[in-house]
Amino acid sequence: MWALQRIICAIACLGCLLWTVPTSVADTPVVPEYHLKTVFLYNLAKFVKWPQAAVKASPDVLRIGVMDGTHVRPAFPLIAKKRVRGRTLELRLITSARDADDCDVVFLNGDDLRLIQLILQRVRTRPILTVGEIPEFTDWGGIIRFRMEGEHTRIDVSLENAALAELPLKSQLLQLCRIVAHTKSGGEQE
Amino acid sequence: MTRRFRTSTLPIHRRLPLLMLLACSTTVLVASALYLTHDMLGFRRHMDNQLASIARIVALNSTAALMFQDRDTGAQVLTALRDEKGIMGVAIYGADGALFASFEGMDHWQAPLSDSGDRSPPENLAGQRIIKHPIEMEGETLGHVRICASTAPLRSHAYSYLHFVLVVVLAVSVIAFYLSRFMLGQIVTPLAALTDAAKSVTRDNDYSVRVAATQSGDMAEVIAAFNAMLDEIDTNSNALVAHQDRLRALSQNLQTAEENERRALAAALHDSVCQTLFGIQMELSAFAATLDGVPGTKASIQSLRDHVTASITEARSITTRLTPSGLEELGLMSALKGAATDLLEHTHIDVTLHDNSSGKELSAKRRILTFRCVQELMRNISKHANARNVMIELNDGEGALRITVRDDGDGFDPETVRSNNRTNGGFGLFSIIERISFAGGTVDLASTPGEGAAITLKLPFAEDGLSQAP
C-alpha cells in the first residue's frame with residue numbers, strides 16, 4: 001500500500017517537473033518575427049547617413065513604406081513615437097512602384113516578386129533604403145536583406161547597391177551584417 | 001627599566017650628524033609620501049580614464065549589436081578586450097538591465113544591473129575597480145557597459161614606488177650622514193677645542209690656555225672672543241693675586257709691627273712700672289719697720305703694700321698678655337700652658353695639652369705666629385663654641401710642626417669657612433688660614449655642626465720666601 005502511494009507520489013512529482021520545464025521555456029519572451037523586423041527597420045534607419053537633400057525634402061518625417069502591412073502594421077506602434085535625427089516615423093503602404101518614390105525606407109515584403117523587381121529598378125539610384133526578405137533581393141538591386149538563421153534574424157547588405165543609392169551605412173551596422181556581392185548568375189557571394 | 005633616548009645627552013659631534021640625518025630622512029619621507037599620494041591619485045585617475053575610454057569604445061562598438069539584439073557580435077566586441085591587461089571582465093547590459101553579453105567566466109554578473117544612474121562613479125570592490133558606462137544612440141540609452149579592472153597594477157605601482165623611496169631614503173641618509181660628518185667637522189673641531197680649553201681652565205685654573213684659530217668666519221669670532229675673555233681673566237687674575245700678595249705682606253708687616261709694639265710696651269711695663277712698684281713695695285716695708293709700735297699705722301701700710309702688690313701682679317699679667325711669657329726662652333709649649341691657664345681663669349674651660357713633638361722649635365717669628373693663631377682659636381672657642389673642654393696636641397714630622405686644637409663645642413660647617421663666608425665670626429678662622437698659608441703652612445678644618453671641631457695647623461720648620469716677606 002505504502003509502496004503504491006510512493007510510486008504515485010513520484011509520478012506526480014515527475015509530472016509536475018515535466019510540466020514546469022516547458023512552462024519556463026514558454027515564459028521566455030519570444031518576440032514575433034515581424035515585430036522584430038519592424039524595430040529593425042527603425043534601427044536600420046538610424047545607421048544610415050541620410051543625404052542632406054533627402055532630409056531637406058522631408059525634414060520632419062521619415063516615411064517607411066511596406067508592401068505587405070499585415071504583419072508590420074500591428075508592430076508599428078512599437079516604433080511609432082521614435083525619431084531618427086528628429087524625424088518622426090510614418091508608415092505607408094506600397095501598392096505600386098510609384099508609391100515608393102516618397103519613402104525613405106521601403107520594406108519589400110510579400111509575395112509579389114514582380115512589384116519588388118519594379119520598385120527596385122525604380123529606386124535603385126535614389127537615396128531610399130530598400131529592405132527585403134527574398135534571397136535574390138540584393139541581386140535585384142536591394143540594399144539590405146533580412147535573412148533567417150534558425151530563430152535569429154540576420155542582415156545581409158550590398159554595399160554596391162548602397163553606394164549606387166548614395167546611402168552610406170555606418171560601420172557599426174556593418175559589424176553585424178554579412179556583406180554580399182553580386183554574382184552574374186543572380187546568386188550571391190559573401 | 002626603560003631608558004629614554006635623548007639627543008641632548010649625546011656629544012655635539014654625534015648629535016649634529018644625527019639631527020641632520022633625521023631632518024633629511026624625515027623631509028625625504030614626507031616629500032615621498034606626498035608625492036606617492038599625488039602619484040597614486042593620478043595613477044588611479046588615469047586608470048579610471050582608461051577604463052572610461054574602453055567603456056566608451058565598447059559602448060560605441062556594441063550599439064548596433066544591442067539594437068539588433070546580436071549577442072554574438074556583442075560578445076565578439078568584448079572578446080577584443082580579453083587580452084587587455086588588467087581587465088578582469090566586461091559585460092553589456094540592455095536597457096532593462098538584463099545581461100546582453102559578457103566575458104566567459106563573468107557568470108556572477110548575470111544578475112540584472114542595478115539602476116544607479118547612467119554614469120556611476122568608479123567603485124572599489126575587493127581589489128577591483130568597477131566602472132559603468134551608458135550605451136547611447138541619439139540621446140536614447142540602449143543599455144550599459146560594465147567593466148571590472150584589477151587594482152593590482154595600482155598596488156604594484158605603489159609597491160615599486162615604495163621600494164624606490166626606501167632606496168632613496170637609504171641613499172640620502174648615507175650621503176647626508178657622511179656629508180654632515182665632513183661638513184660638521186668644521187664646526188665640531190673648533191667647538192671641541194673650546195670645550196677642552198674651558199675644561200683645562202676649570203680643572204687647573206690655568207688662564208694661559210688659548211684656542212688656536214684655524215679658520216675664518218663665525219667660529220673664528222667665537223674663538224677670538226673666548227681667547228680675549230681668557231686674556232681678560234688672566235690679566236685680572238694676575239692682578240688679583242699680586243694684590244692679594246701685597247695685602248698678605250702688608251698684614252704680615254702689621255702683625256710684626258704689632259708684635260714689636262707689644263714687646264716694647266711689655267718691656268716698658270716690666271722695666272719701668274713694675275720696677276717702680278717693686279721699689280715702692282720695698283720702701284713701704286722699710287717704712288713699716290720704722291713705724292713699728294705706732295698704733296694705727298701698721299694696718300694702713302699693709303693696705304698700701306697690698307695695693308702695690310696687686311698692681312705689680314696686674315702689670316705682670318698685662319706684660320704676659322702682651323708678650324707670651326717664656327715663648328722666646330722656654331718655647332711654644334710653655335707659652336701655650338700660660339695661655340691655657342689664663343683661659344681657665346677667665347672662662348673655666350678646661351684646657352689639656354699633649355706634647356708629642358720631638359722638641360724641635362719653629363723660628364721665633366713662626367712661634368709667635370703659631371702662638372697667636374692658637375690663642376685666636378682659643379678665643380674663638382671661648383666666644384662661640386660653648387665648649388667645656390679643649391685639647392691642644394703638638395706633633396711633628398715630615399719637616400713640619402702640627403698643632404691640633406680640638407674642642408667639644410657646637411662645631412661649624414668647614415665649607416662655610418673655606419668659602420670665605422666671614423659672617424658670624426668667621427673672619428678669625430679666615431685670618432688664621434690666610435696667615436698660615438702666607439707662612440707656607442696649611443690649615444685643616446674638621447668639624448660637624450653639634451659635634452665639636454678639630455683644627456690642625458701645619459707649619460714647616462724650614463722658612464720659605466713668603467715668611468720672609470717684609
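This is a predicted model: local features need pLDDT of at least 70, side-chain atom pairs count only at pLDDT 80 or more; totals for chains, interfaces and linings use all residues.
**Contact between chain B and chain A**

The contact draws on 14 residues of chain B and 17 residues of chain A.

Eight residue pairs, with both residues at pLDDT 80 or more, are in polar contact across the interface of chain B and chain A. Two elements of chain B, α1 (12–67) and α2 (71–79), each give two or more residues to the side that touches chain A. Of these, α1(B) accounts for the largest share, with six residues. Sorted by class, the side of chain B that touches chain A contains seven nonpolar, three polar and four charged residues.

Salt bridges were then examined. Over all chains the count comes to 25 salt bridges, and four salt bridges are found between chain B and chain A. A:Arg154 takes part in more than one of the salt bridges described here. With B:Asp72, the side chain of A:Arg154 forms a salt bridge at 3.4 Å, N to O. With B:Asp70, the closest N and O atoms of A:Arg154 are 3.5 Å apart, and this pair is also a salt bridge. The latter pair crosses between chains: A:Arg154 lies in strand β7 (residues 152–157) of chain A, whereas B:Asp70 lies in the loop between α1 and α2 of chain B. Within chain A, A:Arg154 forms a salt bridge with A:Glu149, in which the closest N and O atoms are 3.4 Å apart.

The residues of these pairs can be classified by their accessibility. A:Arg154 has a relative accessible area of 14% and is therefore buried. B:Asp70 is likewise buried, because its relative accessible area is 7%. A:Glu149, by contrast, counts as partly exposed, because its relative accessibility is 40%.

A further salt bridge is found inside chain B, where the side chains of B:Asp48 and B:Arg129 meet at 2.9 Å, N to O. This pair links distant parts of the chain, since B:Asp48 belongs to helix α1 of chain B and B:Arg129 to strand β4 (residues 128–137) of chain B, 81 residues apart. Both B:Asp48 and B:Arg129 are buried. Elsewhere, salt bridges that share partners join A:Arg145, A:Arg147, A:Glu149, A:Arg154, A:Asp156, A:Arg178, B:Asp70 and B:Asp72 into one network.

A search of the whole structure finds zero disulfides over all chains. A:Cys177 counts as buried because its relative accessibility is 11%, and B:Cys373 counts as buried because its relative accessibility is 0%.

Definitions and conventions:
Residues are numbered from 1 along each chain as its sequence is written. Chains are lettered from A and ligands numbered from 1 in the order in which they are written. Side-chain values use heavy atoms; hydrogens and water are left out. Contact means heavy atoms within 4.5 Å. A polar contact is a pair of N or O atoms within 3.5 Å; within protein, one must be able to donate a hydrogen and the other to accept it, and residues adjacent in sequence count only if both atoms are side-chain atoms. Helices (H or I, at least four residues) and strands (E, at least two) are DSSP runs, numbered from the N terminus. Ala, Val, Leu, Ile, Met, Phe, Trp, Tyr, Cys and Pro count as nonpolar, Asp, Glu, Lys and Arg as charged, and the others, Gly among them, as polar. A disulfide is a pair of cysteine sulfur atoms within 2.5 Å. Buried means under 20% relative accessible area, exposed over 50%, partly exposed in between (1.4 Å probe, protein chains only).
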